[in-house]
Amino acid sequence: PGAQSDALEDAEGRVLSERVPAEDALRADDRGETRRWFSDSRAPIRNATGQVIGLAGISRDVSGRVKTEEALRTSERRFREQSRVLNSILSGMGEGTVVSDRDGQFLLFNRRAEQILGIGPRRVSAQTLAEVYGIYTQDQQALVSVAQNPLIRATTHDERIETEIFIRNEAVAGANVSVTATPLKEEDGTLIGSIALLRDVTHQRQLEQQLLQSRKMEAIGKLAGSVAHDFNNLLSVILSYSGILLSEVGPLDPIRSDLEAIRKASERAADLTRQLLAFSRRQLLAPRVIDLNKVVAESEKMLRRLLGDDVALTSRYAPGLPFVKVDPGQIEQVVMNLAVNARDAMPRGGRLTIETRHVVVDPEADQNPEIVAGRYVLLTVTDTGCGMDAATLGQMFEPFFTTKAPGKGTGLGLSTVFGIVKQSGGHVSASSVLGQGTSFKVYLPCTDESLSVVEEIEVPATLNGSETILLVEDQGDVRRAAQHILERHGYEVIEARNAGEALLSCERHPGTIHLLLTDVVMPQMDGHELAERLRLVRPDLCVLYMSGYTENAILERGILGHGKHLIQKPFTPEMLARRVREALDLAIRRASLRPA
């Protein structure tokens, strides 16, 4: 046609005038039913002297190539349009999405995948993918091999992969990622790549780890509580009889040193069982409403002696704190244990800071599922010591776990803190940086109750008496030891093995029963219920409870309540005699104050 003919003539004219070849002049031939495309090349023909005497031309039918190129351009336009749509879809997905070709190179990935994997728009080959992107095995120790990399394994192995990997590289400090990778195939089944869906499950794994740790601690606590309960009964017997024997031998008696060694060893064992009971949350507490600032401030003098001159103590108490309902003696133990732990972490001295403040835990904002939403008084104890690594932090509250040298610690200090705080309805956690120090946070729930009024207990003038005591204890050795101690101090003792015998003895005894000394946990009927039954017929009956731990329904939280008398097992003869005399004297004083 005209335009193309003119172009051809122009090309031939340039060849003749410029005397240089003209190649690949594309033209269409529409003379047939189907348009055909030709590629024309022209070159000058020269004689022996170099003069152009004509033209030589070659025409090639390139219709197939032109159609292919046109189809390719159409395909590329369609692909770009589809890619824009796909990218739009991927950008809106909450999961990370990665599309790889059969060589393992990333073709497409959305913004979420970039965040999870810590990748940018770079491309890497399958051979270096694991190293560049820091994909680790589940134990986080070794890089995943290329063959096992789930992002490319679905491409090369024709299988759907569901697994979990650990990402650690320059952009991601460490993340657990769930991967579901599916092969992509042509219609004929040829593998062309894979598509992988990624979910960051780091927080989920952390919660699972916290749950497992909580269950582990609960199991250890139950075991520790059961062991401590049995030991307390045994130690009560040992301490009672060793005390009785010591009171009967003179200071120069050759067996006195042996008896003192028995008593000291028993007292050390009693300390261990008390710590185990605190950890297992089975000790009896005497909670009352207190001002935490006042209780902690009163402990400062003792803390300064405990820490030594090379540790500076700083306290910051927030004014106007809400009250908390806890056992003040146990909270003092928490502060002391944390201070001892801090002192040991600062062998060359340092600074210990104690702070209090009022906080509100928001269930939506807080990520720790163990802290119940609500208002708390937060006690923070921070040191500038050697700090702890992640592994130590994960085990620090477990009983008998210690980083100290053998013989330097029992490993029960922090486990005791854990148990006391948990039994008080609170929560304790810690954060630490190696070489910089550790911070413990103790959350104690606030209460709207008024401050408790503490009734002063006078020091008894004597430990002896002549009153009648109903002794109820299901452990025979403990019962006989307690009876022996009380009778040595002048009391008349009526013994009973259980609540049934106690009720029968109370009914048959014609005179006054001044004191009920009963174990808390007994079969059939616990000590609290027994006391209530006896007071129906003897309303002036004074009650002193004994216990190694509590687990019955009435005392399921390990709390007897304010105003009730308790002696904790194991006890020495002097401890038992003193607590009995204090309870009786207090009852006498209360009776004298009643109107006639």
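These questions and answers look at helix packing, strand pairing and an aromatic pair in a predicted model.

Q: How are H13 and H16 oriented to each other: roughly parallel or roughly perpendicular?
A: H13 covers residues 476-488 and H16 covers residues 573-593. Their axes lie 10 Å apart, at an angle of about 65°. Angles of 65 to 115 degrees count as roughly perpendicular. H13 is therefore set against H16 in this way: roughly perpendicular.

Q: Is the crossing of H13 and H16 left-handed or right-handed?
A: The two helices pack with their axes 10 Å apart. Their crossing is right-handed.

Q: How many residues of the contact of H13 with H16 are nonpolar?
A: H13 brings Ala482, Ile485 and Leu486. H16 meets them with Pro573, Leu576 and Val580. No polar and no charged residues take part, and the nonpolar count is 6.

Q: How do H14 and H15 lie: roughly parallel or roughly antiparallel?
A: H14 spans residues 499-508, and H15 spans residues 527-537. They pack at an angle of about 10°, with axes 11 Å apart. An angle under 35 degrees counts as roughly parallel. H14 and H15 are therefore roughly parallel.

Q: How many charged residues are in the contact of H14 with H15?
A: On the H14 side stand Ala499, Ala502, Leu503 and Cys506. H15 supplies Leu530, Arg533, Leu534 and Val537. Arg counts as charged. The contact holds 7 nonpolar residues and no polar ones, and its charged count is 1.

Q: Which residue in S9 stands opposite Ser100?
A: Strand S4 (residues 96-101) pairs with strand S9 (residues 191-200). The pairing is antiparallel and has 6 bridges. Opposite Ser100 stands Ser194.

Q: Which residue in S9 is the bridge partner of Val179?
A: Strand S8 (residues 175-185) runs antiparallel to S9. The two are joined by 9 bridges. Val179 has as its partner Leu198.

Q: Which residue takes a positive phi in the hairpin of S8 and S9?
A: The hairpin has 5 residues between its strands.

Q: What kind of aromatic pair do Tyr376 and Tyr443 form?
A: The model has 1 aromatic pair. Tyr376 sits in strand S14 (residues 374-383) and Tyr443 in strand S16 (residues 437-447), 67 residues apart in the chain. The ring centres are 5.9 Å apart and the planes stand at 90°, so the pair is edge-to-face.

Note on methods
Residues are numbered from 1 along each chain as its sequence is written. This is a predicted model: local features need pLDDT of at least 70, side-chain atom pairs count only at pLDDT 80 or more; totals for chains, interfaces and linings use all residues. Side-chain values use heavy atoms; hydrogens and water are left out. Axes are lines fitted to C-alpha atoms, for helices over the stretch in contact, and angles run from 0 to 180 degrees between N-to-C directions. Helices (H or I, at least four residues) and strands (E, at least two) are DSSP runs, numbered from the N terminus. Angles under 35 degrees count as roughly parallel, over 145 as roughly antiparallel, 65 to 115 as roughly perpendicular and the rest as oblique. A crossing is left-handed if the near helix is turned anticlockwise from the far one by less than a right angle, and right-handed if clockwise. Contact means heavy atoms within 4.5 Å. Two strands pair if DSSP finds at least two bridges between them. Rings of Phe, Tyr and Trp (its six-membered ring) pair if their centres lie within 6.5 Å; planes under 30 degrees apart count as stacked, over 60 as edge-to-face and the rest as tilted.
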